[in-house]
Amino acid sequence: TSLMLEGGMPIEAINAVRKKLSRVKGGKLASASKAQGIVLLLSDVIDNNFSVIGSGPFYPDDTTPMQAVEMLKTYAIWEKMPEPVRRFLQSCSESESESKPREIPHYLLGSNSIVLHKACEILQSKGVATTLVKESYSGDVRTVCDRLVRLGSVPQSQHHCFIMGGEATVHVTGHGKGGRNQHLVLEMIERFKEKNGFTLLSAATDGIDGNSSAAGAMIDEHSLMTARELSLNPYYFQEVFDSNAFFEQTGELIEPGPTHNNLLDIVMLLIEPHHNQGEDDG
């Protein structure tokens with residue numbers, strides 16, 4: 001699991017592998033039990049695919065062993081996997097993996113969409129204009145940063161908050177502490193260094209980001225100046241993947257503690273009103 005997470009694999013691909021290695025995931029628990037019941041779901045995947053959430057112990061598997069192998073090869077992790085894992089995946093036959101579990105009713109109770117809409121509702125009640133970005137984000141954290149830069153480049157006539165949800169991936173090569181949310185915010189410090197009037201938050205809804213005890217971090221236009229006053233180089237902390245240590249020193253960590261509800265991540269970008277040259281700052 002650590003190899004797959006640090007290799008930048010999305011949760012859908014990780015769970016495709018997990019389902020092949022487990023005796024309960026991928027519908028196998030449903031096949032092993034005659035009990036009656038229902039399944040209540042909290043979704044930690046973008047499209048709320050029931051077979052992916054929790055690796056679907058009561059839901060039919062929609063992937064094959066060969067697909068799991070190909071995913072590991074795509075992310076250059078196959079050769080790093082333990083030999084017993086590679087041997088097992090290669091030996092799995094299609095007939096062994098295609099036994100269909102009986103159907104058990106599934107009901108979705110919580111999702112990232114619910115979190116985002118609630119955040120919009122709260123901000124709008126405070127008089128802040130809000131745009132919910134409909135397309136969830138995924139993929140490499142730098143791609144998500146590119147989207148945020150584009151959103152932040154449009155001048156606003158009033159306080160305006162862009163809210164988006166999803167789950168970025170980070171290809172970890174260092175040995176520091178942090179997670180995808182803290183790494184995303186750390187990368188944005190330099191990208192927004194010429195911009196005034198912004199606040200950026202990125203956090204995990206379960207309160208735990210990566211291998212740290214923080215949920216994420218929050219920066220504004222003063223963050224880079226604070227880092228320089230503390231002689232902190234953002235590039236260095238990016239390179240060694242130690243975003244948690246950086247924000248611990250700047251005092252910008254978000255630390256709510258575990259929420260025990262993983263509904264993906266949330267990113268909020270607040271843009272201050274644009275002032276024409278000569279206007280007084282509000």
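How many disulfides does the count come to by the distance rule?

Modeller: The count comes to zero disulfides, where a disulfide is a pair of cysteine sulfur atoms within 2.5 Å. This is a predicted model, in which local features need pLDDT of at least 70 and side-chain atom pairs count only at pLDDT 80 or more, while totals for chains, interfaces and linings use all residues. Residues are numbered from 1 along each chain as its sequence is written, and side-chain values use heavy atoms, with hydrogens and water left out.

Cys 145 shows why a bond is ruled out, because its sulfur is 16 Å from the closest cysteine sulfur, that of Cys 161, which is too far for a bond. Cys 161 is in no disulfide either, and its nearest cysteine sulfur belongs to Cys 120, 7.6 Å away. Cys 145 has 0% relative accessibility and counts as buried, as does Cys 161 at 2%; here buried means under 20% relative accessible area, exposed means over 50% and partly exposed lies in between, using a 1.4 Å probe and protein chains only.

Helices (H or I, at least four residues) and strands (E, at least two) are DSSP runs, numbered from the N terminus, and two strands pair if DSSP finds at least two bridges between them. One of the residues involved is Phe 162, whose bridge partner in β8 is Leu 269. These strands belong to an open sheet of six, in the order β3-β4-β8-β5-β6-β7, with mixed pairing. Strands β3 (129-132) and β7 (253-254) stand at the edges with a single partner strand each, so one side of each has no neighbour in the sheet.

Contact means heavy atoms within 4.5 Å.

A second pairing involves strand β1, residues 39-42, which is joined by four bridges to strand β2, residues 106-110, the two running parallel. Leu 41 has Leu 108 as its bridge partner in β2. In a regular strand the side chains alternate between the two faces of the sheet. Strand β1 has a covered face made of Val 39 and Leu 41, and an uncovered face made of Leu 40 and Leu 42.

Helix α9 has 10 of its 12 residues buried, among them His 183, Leu 184, Glu 187 and Met 188. Its 12 residues, 180-191, should span 16 Å at 1.5 Å a residue, and the end C-alpha atoms are 17 Å apart, which agrees; the expected span is 1.5 Å times one less than the number of residues. Helix α2, residues 11-21, has eight of its 11 residues buried, so this helix is largely enclosed by the rest of the structure. The buried residues of α2 include Ile 11, Ile 14, Val 17 and Lys 20.

Some loop residues also deserve attention. Ser 231, in the loop between α10 (223-229) and α11 (234-239), has a positive phi of about 60 degrees although it is not a glycine, and at 68% relative accessibility Ser 231 counts as exposed. Phe 241, in the loop between α11 and α12 (243-250), also has a positive phi, of about 55 degrees, without being a glycine, but at 14% relative accessibility Phe 241 counts as buried. Thr 64, in the loop between β1 and α4 (65-74), counts as buried at 19%.

For the chain as a whole, there are 12 helices and eight strands, and buried residues make up 46% of the 282 residues. The C-alpha trace spans about 75 × 40 × 30 Å along its principal axes. Among contacts with a separation of 6 or more, 78% come from residues 24 or more positions apart.
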